[in-house]
Amino acid sequence: TAAWAARAIWPSARVRVTSVEGSASMADIGYRIQRLVDDMEHLETTGSNGTDVDTDFGTTSALDVRWVRGLPRERVENRYVVCVASYSLNELRSQVERHQLLNRLIRSATEYIVLIEHGTPHGFAIIEDSRRYVLNVSRKLGMPFHVAAPCPHDGPCPLRDKRAWCHFSQRHLRTVEQRVAVKSLTGNAPRDAYTERLSYVVLKR
């Protein structure tokens with residue numbers, strides 16, 4: 001989803017993505033969805049006789065996605081402009097495992113680290129801890145990151161250990177397919193729109 005968001009913002013840019021997914025089933029779903037998107041865009045960018053037509057997207061996918069089951073080996077060529085961990089830190093079993101992953105992101109990201117979790121007290125606690133860890137460790141390594149958003153500073157979070165927590169809301173319209181899926185799972189017709197709550201931090205080198 002992070003790759004598709006980048007594609008929506010920069011539709012004509014060539015985006016190379018390494019997607020890390022521990023679940024073989026989820027990786028297969030992601031791969032199939034990407035193939036479907038590519039096929040749909042190809043139909044939209046070719047004429048009825050199969051000849052290319054001029055559009056902003058071009059006739060080949062702007063997403064070059066490589067699916068892997070685990071993090072690639074640490075090599076010079078495995079450096080990325082942006083590293084995104086979206087709703088994944090909470091799946092790790094301990095703070096130690098989260099910090100191990102963050103160590104890899106610190107060494108792999110040349111410009112940005114983006115961390116996103118559910119907008120709950122638990123999700124915010126993970127983001128706040130990760131923010132603090134990346135700032136401290138990157139500074140000690142002599143390759144410091146700084147907070148780009150949502151905080152205007154690199155100092156301690158004023159909401160740490162408070163009853164309130166930092167989170168944001170985004171309203172979404174469900175697609176027909178999503179409404180059908182929700183109804184098949186719950187037996188109830190869902191509302192057309194729903195609100196996603198998230199906590200996040202963007203760190204820039």
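Aspartate 129 counts as buried, at 10% relative accessibility (buried is under 20% relative accessible area, exposed over 50%, partly exposed in between, with a 1.4 Å probe and protein chains only). The model is predicted: local features need pLDDT of at least 70, side-chain atom pairs count only at pLDDT 80 or more, and totals for chains, interfaces and linings use all residues. Residues are numbered from 1 along each chain as its sequence is written, and side-chain values use heavy atoms, without hydrogens and water.

Aspartate 129 forms a salt bridge with arginine 132 at 3.7 Å, N to O (a side-chain nitrogen of Lys or Arg within 4 Å of a carboxyl oxygen of Asp or Glu). Both lie in helix H4, three residues apart, about one turn of the helix. Helices are DSSP runs of H or I with at least four residues, strands are E runs of at least two, and numbering starts at the N terminus. Arginine 132 is partly exposed, at 27%.

Glutamate 128 bridges to arginine 160 at 3.9 Å, N to O. This pair links distant parts of the chain, 32 residues apart: glutamate 128 sits in helix H4, arginine 160 in the loop between strand E5 (146–149) and strand E6 (168–173). Glutamate 128 is buried at 7% relative accessibility; arginine 160 is partly exposed at 39%.

Arginine 160 also pairs with aspartate 161, their closest N and O atoms 3.9 Å apart. Aspartate 161 is exposed, at 74%. Shared partners join Glu128, Asp129, Arg132, Arg160 and Asp161 into one network of salt bridges. The structure holds six salt bridges.
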